[in-house]
Amino acid sequence: MRGLAFALALLPLPLAADFYTLKGHGGPIMDIASAPDGRIATASFDNSVGLWSARKPEWLEGHEAAVNTVAFNGTAVYSAGDDFTLRRWPGGEIVGRHEGKIVGIAASKSLVATASWDGTIGLWPTNGTVNKSLGPTGSGVNAVVFSPDGLTLYSAGVDGSLRVWDVTSGQETGRLVEHGFGINELVLNDDAGWIAYGAVDGVTRILDLETGGERDFTLGRRPILALALSPDRKLLAVGDGEGYIMVIDTQEWRIAQDFRATLRGPVWALAFSPDGANLHAGGLDQAMYSWPVASLGDQQQMAGTEPKFLSDPDKMGNGERQYARKCSICHSLNPDDQRRAGPTLYGVFGRQAGTLPGYTYSETLQRSDIIWNEQSINALFDLGPDHYIPGSKMPMQRITQQQDRTDLITFLRGATAPED
């Protein structure tokens, strides 16, 4: 692996100020981190982290569910997700664990903080000493950010609170905002004395930490899903659930750019390149897109073609429509399987659950004696994976109507049959 990383490092990334894409993931891009040395880390619904130090990635595998968040801390990469774990790379060892999904990471020189839907904030020392936690907060935590000295932590909650914590004592020292709607994202500019937050109801506001005054850049698109501050702190990028990217000039406090970045679907992830020349973005498409900041809005949109689960349902039969809605984001139908959160369904009929080579299954499926056929697939969606196979990684979902399940099975029978 070290040899591969060294070889990749010899190949240059695309030049800054050019439009480019990084492709290879098999699911939506949930988060992006940019390191001072030019490396890019992408977290994906396909359970993987891509570490891009060249045109081809090094895949960091180990998470057992979607990876929601990723951050650099020196030479290390930290990632966390729906499997409740915080992992450190290289190596991928578990250095932290919550009782709910982890949706945000922040790093200081000595600590990594995790925001979890279990209502707590984890503080994990980078030197391996005993961790501690902040909270419980009474609701899920969506985002965390350290002050530059690492002594203060700000957190954003599902309950709409923007809390301030003393890291040394572990105590909450104040609440800057009680918004009423969940706050999803935070960005701190400590030098200029403000913190920006984005909320479920579409609000984008900048709070003056000294006076408590707020600047409002809400455009009515909801929810706000991503915030990123440029290295020189002159630009604040905002991504929303309707696929737009707004860029705020923080010197003149005006909207400098506002453009539709996706064909359909949200912008989940934003990050600036280390020199501030490019803005990286991710969403439902299986690629990271990077635009030159100088020409934002003049370039192509994310996704050349719509994912199957966003295709026009009126142009599909009912069985294909059920597959598109329930299965396609995690599973492909091809023998040369793409990177996905789940294994390919090619040849699934007659296959024992948990046995396809090359995919990391949960222990539950590895021990299962289920054979995939009409009866077992029907039961899977009738009862829901959480009841039919308790402990599996499959998301909780059901198809309640028998005809819909029958049509799905008929479609899968034809679409997954091995070619003669």
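**Ground rules.** I noted that residues are numbered from 1 along each chain as its sequence is written, and that side-chain values use heavy atoms, with hydrogens and water left out. Since the model is predicted, local features need pLDDT of at least 70 and side-chain atom pairs count only at pLDDT 80 or more, while totals for chains, interfaces and linings use all residues.

**Entry 1, two helices.** I looked up helix α2 (residues 318–326) and helix α6 (residues 402–415), which pack at an angle of about 90 degrees with their axes 7 Å apart. Helices here are DSSP runs of H or I with at least four residues, strands are runs of E with at least two, and both are numbered from the N terminus. The axes are lines fitted to C-alpha atoms, for helices over the stretch in contact, and the angles run from 0 to 180 degrees between N-to-C directions. The angle makes α2 roughly perpendicular to α6 (65 to 115 degrees; under 35 is roughly parallel, over 145 roughly antiparallel, and the rest oblique).

I then listed the residues in contact (heavy atoms within 4.5 Å): N318, G319, E320, Q322 and Y323 in α2 meet Q403, D404, D407, L408, F411 and L412 in α6.

I found that the structure holds 18 salt bridges, each being a side-chain nitrogen of Lys or Arg within 4 Å of a carboxyl oxygen of Asp or Glu. R87 and D83 meet in one of them at 4.0 Å, N to O, and both R87 and D83 are buried.

D216 forms another with R205, the closest N and O atoms being 3.0 Å apart. D216 lies in strand β21 (residues 214–216) and R205 in strand β20 (residues 204–208), so this pair ties together parts that are 11 residues apart in sequence. D216, at 42% relative accessibility, counts as partly exposed, and R205, at 22%, also counts as partly exposed.

D382 forms a salt bridge with R405, with the closest N and O atoms 3.6 Å apart; this pair links distant parts of the chain, with D382 in helix α4 (residues 374–383) and R405 in helix α6, 23 residues apart. D382 is partly exposed at 28%, whereas R405 is buried at 6%.

Which residues touch the most other members of the largest nonpolar core? Of its 20 residues, they are Y323, W372, F381 and L412 (a nonpolar core is a set of buried Ala, Val, Leu, Ile, Met, Phe, Trp, Tyr and Cys residues joined through side-chain atoms within 4.5 Å). Helices α4 and α6 each supply at least two residues of this core. A second, separate core of 19 residues includes A226, A228, A237 and F272.

Most residues other than glycine have a negative phi, and most peptide bonds are trans. N47 is found in the loop between β3 (40–44) and β4 (49–52), and at 7% relative accessibility N47 counts as buried. A cis peptide bond joins W89 and P90, with omega about 5 degrees.

How values were computed
Buried means under 20% relative accessible area, exposed over 50%, partly exposed in between (1.4 Å probe, protein chains only).
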